[in-house]
Amino acid sequence: MRIVLSLLMGLVVLALAGAGALVYVIDYYDRDLPDYTGLANYDPPVTTRVYAGDGRLMAEFAAEKRVYVPYESIPRPVVAAFLAAEDKNFYEHRGIDPVGILRAVLTNVENLGSDRRPVGASTITQQVAKNMLLTNEVSVARKIKEAILAIRIERTFTKQRILELYLNEIFLGARSYGVAAAAMNYFNKALDELTIAEAAYLAALPKAPSNYHPERNREAALARRNWVIGRMLEDGQITPDEARAAREEPLITRRRDETEVVTAEYFSEEVRREIVKLYGEQALYEGGLSVRASVDPTLQAIATRALRGGLIDYDRRHGWRGPVTAMDNFDNWAKKLAAIPVPPGGEGWRLAVVLKDDEPGGVDIGLADGSRGRIPLAELRWARAVRDGDRLGPEIRKASDAIKLGDVILVEPVRKDDKGKDLPAGTFTLRQIPAVQGGLVALDPHTGRVLAMVGGFSPHMSVFNRATQALRQPGSAFKPFVYLAALDNGFTPSSLVMDAPFEYNPGYGQPIWRPNNFSHEFYGPTPLRAGIEKSRNVMTVRLAQHVGMDKIKALVERLGVVDNLQPFLPMSLGAGETTVLRMTAAYGILANGGKRITPTFIDRIQDRQGRTIFRHDNRPCDGCRDVAWHDGLEVPAVPDTREQVADPRTAYQMVSMLEGVVQRGTATRLASLGRPLAGKTGTTNDSVDAWFVGFSPDLVVGTYIGFDQPRSLGARETGGSAAVPVFRDVMEAALKDKPATPFRVPPGVRLVRVDPATGRLAEPGSRGIWEAFLPGTEPQPDQPVAVLDGTGQAGGAWSWQGDLPGDSYGMPYPDAPYGTVSAPPLMPPGATAAPPAATTQGTGGLY
């Protein structure tokens, strides 16, 4: 009995000593344990991806490129495979697995003396502790720390959170961290596309990825994969039939596809700016956001090609500025050429050296790869020398008039000449990087979604975005807003306005402002429609004087054209500065019937958990969620919450008048497209900027062309010559194979046939157009048409005969105490039926 008691006492002492030793060990190693509580909010830096409207990748922004998949999105077969392979008792243990440890000890004892690698017993939780909090040091101390941390992690976090951390951080070979990256790198599949056999193979990798390489160690890889499948069957995760099929499935890996990327650098940069503005740079580069951009890749490619083509065409019209450089001799010319960098903006073109000049019909050139080509004389005729600014040198009659022997030039292959005839292989055209720049925006007028945007000739030349950042004067492209204000204040498209000399004296010794028409002629009483179609400056100023710049200011600010328009008369001709994006959006309001739209480059943003954190379209839709599709399902009604910022009737009147710009006005070269199109050209003083903003019923496109350091585009350059061709190329391609949809007429509009030259009702059999009027404002038979004369007041009917008067007289401008307006007499020579007494209205100020 005494012996038994002694043994019991000994056991108690040993137990107490062991417990004390355990407490000491835990206390000792606990002193420098890392803080595991940070795993609660652990969000590793994850790549933010921007996708185009068709789902293709457009851009990536990341501090570290990595894919992180939340537990809820990891397929159950993948989870089951890793649990079977790594920790079958994961849901039973509390961080360490005593049964697993005992099994590992017995197995290692049996394997003593053999070459087999010792078997471990680390749980998934221990692996999380090692991979995320400790080092890979092989030591007893690290194993003790690992066990302590695993127990504490289990007490703090859910099993799902631990599995999520493990499956996203585990290294699986092939430069793959996490199961999502491994699925792509081994099988070129997303996680939810993996078969059971493929999931089992990934689960076979954590212990030693290189030992189970699918090609170098194929037999070992298959054996390990099949072992995992067997464990899954034992655990009841798969059926015997599924296990049999999985074992018979061959192990076939697939190289990851090259990512197809939509190229839209200016658009991507605008998206980047928007995300930084919304959420900051850390969220952009580390947040793992999924961003769906509004860009239409097809339209974006069309817009890029059209603007680049327009800039090149303009540049060619203004001559050749010379070669990139020149070679002194042709020793190792190909090697020398390969060492010369392509200038920024020349991407997509090739450098070539002129090897033979004055050859009959062209020149022979050499390329950096040692090959040769030819530039025919027809492709050199544009390259006239630039002299004295805008003047061109003599015509090109032979190749040496343009380029010389040894010149290093930019070239591009061509297959057809300007008549569509096939050219021999190896034929090139001479290229030159344009000095001029421009911007283009295409958007949906109903939603404000920007479908395409180009900020310049090339982002490699400059990242400055001329579509969103460049403040430029829109010139006559601003006039529709003046005319819209007039329509809102009692005018009709047939109202007559006097096109006659006009003066404005700002006072304070400043020069008198005398606006002039582009033609430097005056045309007498002219309907509003003709004024906008022919872009009459003096009519517009006189109209602005009558309506009042305060009303025009309120309108354009409501439409978002500018934030703070200075209420001076010259602003009515587009002297204020704005951007292509703003102008295009404002024209979109006209096209959609006066509804406010907010331009956006982003449709939706989701965080790394897949939660939507931003949506451009925030309209409520009660029937849009949790609805299973079936035949006969009615599309839920979504309310139109857009603010009405312009009368839909006068907006349509303006659209109809702008349609006349295409049919009879300054943009008639668009009429050949045979589509319902409307828009307005814009050319600023001295042709510094050339604009065209136009639209079809469902697409608005705005573009401008000008130099970054403002200077004249040339005396003969206008919005019609420089910007309209770009718009035409975009619309021709964008509307191809689409029905010709007419502009939508809102309720409350009467269409009456009138003579567009006089505004009167069209005579039977005469050439007339359908004009839009508000009920009660349409012209009546034999009724005199009121004329807005030079005083700023709509008066009686003018009957104009003979020449326009050249004299004028000054009148006080009541709301502009420092200025006076001069205009023709109330009763010009040759006029009858003098108008009633006139009063002036409106605001004014210093120019």
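Buried here means under 20% relative accessible area, with exposed over 50% and partly exposed in between (1.4 Å probe, protein chains only). By that cut-off phenylalanine 601 is buried, with a relative accessible area of 5%. The model is predicted, so local features need pLDDT of at least 70 and side-chain atom pairs count only at pLDDT 80 or more, while totals for chains, interfaces and linings use all residues. Residues are numbered from 1 along each chain as its sequence is written, and side-chain values use heavy atoms, leaving out hydrogens and water.

**Aromatic pairs**

Let us start with the rings. Rings of Phe, Tyr and Trp (its six-membered ring) pair if their centres lie within 6.5 Å; planes under 30 degrees apart count as stacked, over 60 as edge-to-face and the rest as tilted.

| Pair | Centre to centre | Angle between planes | Type |
|---|---|---|---|
| Phenylalanine 267 and phenylalanine 601 | 5.1 Å | 80 degrees | edge-to-face |
| Phenylalanine 481 and tyrosine 587 | 5.7 Å | 85 degrees | edge-to-face |

Phenylalanine 267 belongs to helix H11 (residues 265-279), whereas phenylalanine 601 is in the loop between helix H19 (580-591) and strand S17 (602-606), so this pair links distant parts of the chain, 334 residues apart. Helices (H or I, at least four residues) and strands (E, at least two) are DSSP runs, numbered from the N terminus. Phenylalanine 267 counts as buried, at 0% relative accessibility.

In the other pair, phenylalanine 481 lies in helix H15 and tyrosine 587 in helix H19, so parts 106 residues apart in sequence are tied together. Phenylalanine 481 is buried, with a relative accessible area of 0%, and tyrosine 587 is buried at 0% relative accessibility too. Ring pairs also join Phe478, Phe481, Tyr587, Phe695 and Phe743 into a cluster.

**Charges over rings**

A charge sits over a ring if NZ of Lys or CZ of Arg is within 6 Å of the ring centre and within 35 degrees of the ring normal. Lysine 159 places its charged end over the ring of phenylalanine 90, 4.4 Å from the centre. Arginine 536 lies over the face of tyrosine 523, at 3.8 Å from the ring centre.

A nonpolar core is a set of buried Ala, Val, Leu, Ile, Met, Phe, Trp, Tyr and Cys residues joined through side-chain atoms within 4.5 Å. The largest one has 132 residues, and Met58, Phe267, Val271 and Ile552 have the most contacts inside it. H19 gives the most to this core, with nine residues. Another core, of 52 residues, lies apart from it, with Val78, Val79, Ile153 and Leu205 among its members.

Why is helix H17 (residues 537-547) largely enclosed by the rest of the structure? Eleven of its eleven residues are buried, among them Arg542, Gln545 and His546. Just after H17, glycine 548 takes a positive phi of about 105 degrees.

**Asparagine 465**

Asparagine 465 lies in the loop between strand S13 (450-454) and helix H15 (479-488), and is buried with a relative accessible area of 1%.
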